[in-house]
Amino acid sequence: MKIIYLHQYFNTPDMAGATRSYELARRLVAMGHEVHMVTSDRDGLHATGSDWHVSDEAGINVHWFPVPYSNKMSFLQRTRAFLKFAVAASRKAASLGGDVVFATSTPLTIAVPAMYAIRRNRIPMVFEVRDLWPAVPIALGVLKNPVLKFLALWLENKAYQSSTEIVALAPGMKEEVVKSGYPADKVTVIPNGCDLELFQNREGEVEALRAKNEWLQDRPLVSYIGTLGRVNAVDYLVRVAGHMLELDPEVRFVVIGGGAEAPKIRALAQELNVLDKNFFMFDRMPKAQVVPWFCASSMSIALVTGPRFIWKDATQNKYFDTMAAGRPVAANYDGWQAQLVSDEGGGVILDAKNHEQAARQLLAKLSDEKWMREASEIASNLARTRFSRDSHGQALEEVLARAVSEYA
């Protein structure tokens with residue numbers, strides 16, 4: 001098949017951010033398919049000037065279009081970036097032809113070039129639902145304008161109607177898609193996965209990392225690696241660190257990432273007198289550079305705030321990276337990921353409101369060598385048996401092939 005893969009925020013391992021599309025696309029290439037990735041160049045790393053640039057990334061034909069984007073931009077600025085890319089990507093996707101279009105959100109506007117291309121070339125579309133958008137920004141009060149709400153909800157419905165098949169990242173997301181009237185038998189759940197190869201044989205790097213950072217050495221380390229946005233509530237971890245400083249000053253916390261909330265988090269850490277004592281912050285790093293940090297962690301933590309429907313189906317990449325590293329996962333919410341891992345014994349759900357109690361829960365687990373050893377083994381086993389990228393690549397190929405067959 002010739003697959004036109006639309007993802008506005010595509011990343012390679014040399015870039016900061018999630019690499020799901022890269023991992024799935026390169027597996028499709030390995031299966032013998034021709035994959036064209038249509039994406040944006042947000043930081044000016046791949047394109048010069050104002051036109052498209054093509055590169056070969058592990059056999060994937062990646063088409064980059066320069067559209068600056070950052071979480072620090074205002075909602076209006078981000079909306080303009082979405083629309084600018086949607087217009088350019090519509091022409092590019094249509095010009096590539098192909099047998100099937102695979103479009104992954106967010107943003108939801110990715111559906112615009114996908115729908116344009118399938119109508120021009122008379123081919124099927126498979127739509128991937130990564131987040132319940134626009135439900136989340138509406139609930140958070142980010143999307144307030146009634147006209148924009150209407151248009152966003154209309155586009156969501158239109159994207160579903162135009163799709164021959166749909167991929168959802170979580171069971172609850174599938175339920176929401178089906179509630180819209182879409183046939184359940186045409187929605188396939190393919191969750192995020194674990195990049196097992198990337199996390200192998202890192203012992204030397206872990207030893208060097210711990211030795212290099214005098215504040216760490218052989219101390220217990222709890223890491224948060226990801227976006228510092230409003231919904232992530234990383235201030236929670238700062239407050240937990242404040243209580244941990246009194247309970248056990250040897251436990252270390254590290255936050256690696258960027259986002260609009262970063263200045264507030266740093267300011268709070270200074271206010272609570274934990275910054276550079278037991279709480280440390282680093283800017284976001286490429287995926288390849290954060291891998292040793294996951295492996296050096298005693299435990300990683302996933303954080304979410306807001307109404308339950310926002311986080312009950314959250315599919316945070318840090319869960320999968322932590323399991324791939326063979327480390328337990330802590331969380332301050334009881335969504336499907338947290339429940340699955342904690343039920344299996346590979347993690348712990350912390351008190352979401354009582355920061356002192358959460359610190360005590362963390363310390364109890366970190367101090368229990370038997371639990372830590374067994375939880376690490378369980379996490380590693382889950383990565384291999386439940387969340388392998390290879391099995392997810394095969395599942396996606398089946399969905400795409402089925403869409404082509406159904407459309408013919």
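Q: Is Ala58 buried, exposed or partly exposed in this model?
A: The model is predicted. Ala58 lies in the loop between β3 (53-57) and β4 (60-66). Its relative accessible area is 42%. Buried would need a value under 20%, and exposed a value over 50%. Ala58 is therefore partly exposed.

Q: What is the phi of Ala58?
A: Most residues other than glycine have a negative phi. Ala58 is not a glycine, yet its phi is positive. The value is about 55°.

Q: Where is Ala233 found?
A: Ala233 also has a positive phi, near 50°, and is a residue other than glycine. Its place is in a loop. That loop runs between β9 and α8.

Q: Is Ala233 buried or exposed?
A: The relative accessible area of Ala233 is 11%. The cut-off for burial is under 20%. Ala233 is therefore buried.

Q: Is Asn232 buried or exposed?
A: Asn232 is found in the loop between β9 (221-225) and α8 (235-247). Its relative accessible area is 10%. Burial means a value under 20%, so Asn232 is buried.

Q: Which residues is Asn232 in contact with, leaving aside its neighbours within four places in sequence?
A: Asn232 is a buried loop residue. Setting aside neighbours within four places in sequence, its contacts include Leu303 and Val304.

Q: Which peptide bond joins Thr106 and Pro107, cis or trans?
A: Most peptide bonds are trans. Between Thr106 and Pro107, omega is about 5°. Pro107 has its place in the loop between β5 and α3. The bond joining Thr106 and Pro107 is cis.

Q: What is omega for the peptide bond from Ser105 to Thr106?
A: Thr106 sits in the loop between β5 (100-104) and α3 (111-121). The bond from Ser105 to Thr106 is cis. Its omega is near 5°.

Q: Is Val147 buried or exposed?
A: Val147 has its place in helix α5 (residues 146-162). Its relative accessibility is 52%. Exposed means over 50%, so Val147 counts as exposed.

Q: What accessible area do Val147, Leu148, Phe150, Leu151 and Trp154 have together?
A: Val147 is exposed. With Leu148, Phe150, Leu151 and Trp154, Val147 forms a nonpolar patch on the surface. Together these residues have an accessible area of about 510 Å².

Terms used. Residues numbered from 1 in each chain as written. Predicted model: local features only at pLDDT ≥ 70, side-chain atom pairs only at ≥ 80, totals over all residues. Heavy atoms only, no water. Helix = DSSP H or I, 4+ residues; strand = E, 2+ residues; numbered from the N terminus. Buried < 20%, exposed > 50% of the residue type's maximum accessible area, 1.4 Å probe, protein only. Contact = heavy atoms within 4.5 Å. Patch = residues over 30% accessible without salt bridge, like charges linked within 9 Å, V, L, I, M, F, W, Y side chains within 5 Å. Areas by Shrake-Rupley, 256 points an atom, 1.4 Å probe, with all protein chains shown as cover. Salt bridge = Lys/Arg side-chain N within 4 Å of Asp/Glu carboxyl O.
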